[in-house]
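Here's a quick rundown for you to read alongside the coordinates. Have a look at the model first, then come back for the notes.

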Number of protein chains: 2
Amino acid sequence: MAANVETIRHSASHVLAEAVQKLYPGTKFGIGPAIEDGFYYDFQLPAPIQPEDLPAIEKEMRRIISSGAEFLRREVSKDEARKLFADQPFKLELIEGLEEGSISLYEQDGFVDLCRGPHVANTREIRPDSFKLRSVAGAYWRGDEKRPMLTRIYAYCFASKAELEAHLKMLEEAEKRDNRRLGKELDLFSIHEEAGPGLIYWHPKGGRFRVELEKWWRDEHYANGYEILFTPHIGKSWLWETSGHLGFYKGNMYSPMKIDEDDYYIKPMNCPFHIMVYKNSTRSYRDLPLRWAELGTVYRYERSGTLHGLMRVRGFTQDDAHIFCTPEQIEDEIVEVLRFSLHMLKTLGFSVINAYLATKPKGDGSVGAPERWAQATESLKKAIEKEGLSYEIDEGGGAFYGPKIDLKVKDAIGREWQLTTIQFDFNMSERFQIEYIDADGQRKRPYMVHRALLGSIERFFGVYLEHTAGAFPVWLMPDQVAVIPVGADFADYAKQVAAELKGVGIRAMAMLSDERMNAKIRDAQGQKIPYMLVVGAKERDEGTVSVRYRDGKQENGMPFATFKARVLEKIASRALDI
Amino acid sequence: MAANVETIRHSASHVLAEAVQKLYPGTKFGIGPAIEDGFYYDFQLPAPIQPEDLPAIEKEMRRIISSGAEFLRREVSKDEARKLFADQPFKLELIEGLEEGSISLYEQDGFVDLCRGPHVANTREIRPDSFKLRSVAGAYWRGDEKRPMLTRIYAYCFASKAELEAHLKMLEEAEKRDNRRLGKELDLFSIHEEAGPGLIYWHPKGGRFRVELEKWWRDEHYANGYEILFTPHIGKSWLWETSGHLGFYKGNMYSPMKIDEDDYYIKPMNCPFHIMVYKNSTRSYRDLPLRWAELGTVYRYERSGTLHGLMRVRGFTQDDAHIFCTPEQIEDEIVEVLRFSLHMLKTLGFSVINAYLATKPKGDGSVGAPERWAQATESLKKAIEKEGLSYEIDEGGGAFYGPKIDLKVKDAIGREWQLTTIQFDFNMSERFQIEYIDADGQRKRPYMVHRALLGSIERFFGVYLEHTAGAFPVWLMPDQVAVIPVGADFADYAKQVAAELKGVGIRAMAMLSDERMNAKIRDAQGQKIPYMLVVGAKERDEGTVSVRYRDGKQENGMPFATFKARVLEKIASRALDI
């Protein structure tokens, strides 16, 4: 049986370390784990190295690999290990952190490393053409900025050349689609460090996408039995003490604002506000289920180093909902919320969707009655199975307050993104003591379910931008049609065509600058505008249009009425094609 | 010539003081000014009084009025005044605050008061049936909570009995329409003091109103050449220092949140964020005008005592826009923004709209070149005149940063509410140094105009709730049709009728509780639902509906298709009638 890819990666990191030892004598070694698409190793080098130095290291690695050295495991006492690594301060520190008893070492080609393993049997199991050193970066020893800064060498590493190549191609494509890059090129949004990092400013074109997305989102929610709330962005400390957030979530909350004598916090979550509305009236079993949605903008602390375009921000708009229902209703409600989520994701064009079910954590510390956990988990599982989703179970991976399903979608270049989450909350419902009066006159605790469908509008925009490379479906495109006159003489006619399109609700604009026609077509294509209409004497006289599609196709002499009807149909049906 | 009503009110306050002196010897007197609908007087009484004591005071006032005493003015030196008011500590304090020179006193019927006047000539000019003592309240001397609490007696007072009665009737009507009361009765919104006063929680029905209103607002803005932005709710102190808000507006801003090493403020205004977007690209004269709108939620400090339902809140959503344009464009832009505002207000059913133009403050302290002030003011005036609006000019009443127009609408019971404001801003544009490149290649400063159309969504909701008494036009009603079966046997048919209405986009619900039909009709009428459909055997067999309107009218035997078409037409046309 071939070694699994993680073992290959880990083994290759030892080979890297050996190569560095040989090329840079005196190097001190940190750690070298396998990571998602390869591995890294941290070194304290005798002199700085540059990306230009990587090919020589790669070459040395290939030499080691082709030598066919075996990976040999042996066990030594802590004391022996200390002697072996006497001139390796980082290894010594690691040794001190290990439990008493024997310590395992791996050796290949004379290079010995402290390591739990496992490793491949022979360096030849690492394909010399299936890895690539990627970059050099600084990394604090043990991630602690008070400890020495080491040099980290990253590498991609796969089981085969084909897999490496596919990965490199995906990365190249991802680079082109980077939401920060497209956001700028398509003038969709900006971030202004000087006014606060991690905060998104939606420009007119980004705003148009968001307005259309949110309109659809609201319509669908209403059509599917939800109501929409609007709640404040700030709440007094009483609210966050009652909810428990000041206990278990304070690290993600901003420091308070003082108003009169009270502390107010900007909200990191919408739930306590929805609960206040729930508690505003006496609720009967007849009123349930209640499905309350809100596009609620929340603010959470993230370390500035982790912020990343639209993908990781400090302020974001959750497309949130809370469902309150009776135990008798929970199964149907979960089926329904999952069905609705899948319907929404599929409308947006995600066809590969996987579910991840996280169940009750082991041990104490979780809240909620065991039979509620059981019923909730069962209802999640049944719903997934009913929808025929492929899923993984993360046993014990739920939050302390309830089990959950996360849905991850696969994007156009094969990456997985978590969007939807459906979570039970036994904590909030207890803390606020929410109740309904059942048919038997008794006060009972409803089930409470959190749900975010797209997750956050900002992050979803980022994912969708990278998924579509900015070529959104027609209904979400800021500009749907560019009308391009063949020459200045047809500027008025182009304006007229654009105005007629606008008149029927199509977002059209006439391109009337002094640039040449071909430059305008290139510009419109660059903006991913689905349809470019080239109009001149022939088109005007015939009442036709020459259509160029953003994917390069072309159709001449199409009756204008046909074109209008086709675009309106694409918009109305939220078609994914153009 | 009859005395003006303010003089009458002020004179009546002296008569009140005289009556109180007679009935409560030993009373110390504060001040007694005319106010909007009457007057008040502040007293330090020897013993507390109750509302029940007011009729006796009114009676004594009427006796004084009928005595026909004359109001006599005389002037005395400060020293003489001190002697005259030796046993009146509050009057002595007022005297100390006056400039040196002679001080005017007014005397009627032996009662002397320190007063600038003017007053009526004779108490008989106050109509004994045109005033009414209203209430007793506590009020700190000079509004300072560290000074003594005085007793304030409020009165309504008009020039005629008819005006007083009309005012009392309006107040009675206003009481019924009070947004706090209707908000509760119609389950539209709530405020939760314990989580923070002045913050609005929109319930499902209020949320539906808001979603429909905002959808229309966005559609109209797009159709009228605006683009829509979304910007963050918080910004670093750099932003507020640059904008100047930390200088001239800090009292209305909340204290900062600390994030990493920086202070962040929750936004009291959207403008600096829109400017950041403007500055994100180089702008050419070809790009202008830019009209950028946002439904931006802002937070401002208001003293808790001044908060009042939806009318005065701490968090509100401005329906904001900023217009950036060249000096050549400003006149057309102002005409357009005013036309658009009037179009929107009229769609909502406001037919009486008055304009208030505020011009450059006298003296120094205002920013912006004089010729810009002149051009801006002229463009505002021209636009008002073009629209044929009646208007008042408040000379020197503009803000330091530019002239403005406010639009006030008259509601159904005759009250005026300011909604729209259109303001030039010479300050922000200078402070952020915004520019465009003109046709001549020169960098120039664009004009910047702020505009809020409805003002704030929260306050507008309050005004509209009181204007319509909750009977919104059909398109804004949370529930448009209630289907009421004549008996339990027709529950399924009622459900079917409601489902058919929902199918064509009408918000319908079947009322299926155990209550009797008439109770359901009363309930639906109380909820101001425009149409109630009573359905039984006859209606089912004939395919008709019996319609009861919320205003009490009734039509039987209407073909169901006719009813559907009629309601859809009312919704589509945003009709004000039902």
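There are four salt bridges between chain B and chain A. Keep in mind that this is a predicted model. Over all chains, a search of the whole structure turns up 97 salt bridges. The notes below go through the interface, a pairing inside chain A, a charged patch and some backbone details.

**Where the chains meet**
- On the chain B side, 53 residues are in contact with 53 residues of chain A.
- Together the two chains bury about 4,800 Å² between them, and carbon and sulfur atoms account for 62% of that area.

**A salt bridge inside chain A**
- The side chains of A:D42 and A:R152 also form a salt bridge, with 2.7 Å from N to O.
- This pair ties together distant parts of the chain, with the two residues 110 residues apart.
- A:D42 sits in strand β3 (residues 38–44) of chain A, while A:R152 belongs to strand β8 (residues 149–157) of chain A.

**Charge on the surface**
- A patch of negative charge shows up on the surface, where A:E392, A:D394, A:E395 and A:E416 gather.
- One of these residues, A:E392, is part of strand β18, which covers residues 391–394 of chain A.

**Backbone details**
- In chain A, the peptide bond joining A:L288 and A:P289 is cis, with omega at about 0 degrees.
- A:P289 is in the loop between α10 (271–279) and β15 (290–299) of chain A.
- In chain B, a cis peptide bond joins B:L288 and B:P289, and omega is about 0 degrees there.
- B:P289 is in the loop between α10 (271–278) and β15 (290–299) of chain B.
- A:Q433 is a residue other than glycine with a positive phi, near 50 degrees.
- You'll find A:Q433 in the loop between α13 (426–431) and β21 (436–437) of chain A.

Methods
Residues are numbered from 1 along each chain as its sequence is written. Chains are lettered from A and ligands numbered from 1 in the order in which they are written. This is a predicted model: local features need pLDDT of at least 70, side-chain atom pairs count only at pLDDT 80 or more; totals for chains, interfaces and linings use all residues. Side-chain values use heavy atoms; hydrogens and water are left out. Patches are made of residues with over 30% relative accessible area and no salt bridge: like charges are joined within 9 Å, nonpolar side chains (Val, Leu, Ile, Met, Phe, Trp, Tyr) within 5 Å. Accessible areas come from the Shrake-Rupley method with a 1.4 Å probe; for residues, only the protein chains shown count as cover. Lys and Arg count as positive and Asp and Glu as negative; His and the chain ends are not counted. The place of a charge is taken as NZ of Lys, CZ of Arg, CG of Asp or CD of Glu. Helices (H or I, at least four residues) and strands (E, at least two) are DSSP runs, numbered from the N terminus. Contact means heavy atoms within 4.5 Å. Buried area is the accessible area (1.4 Å probe) that two parts lose on being put together, summed over both.
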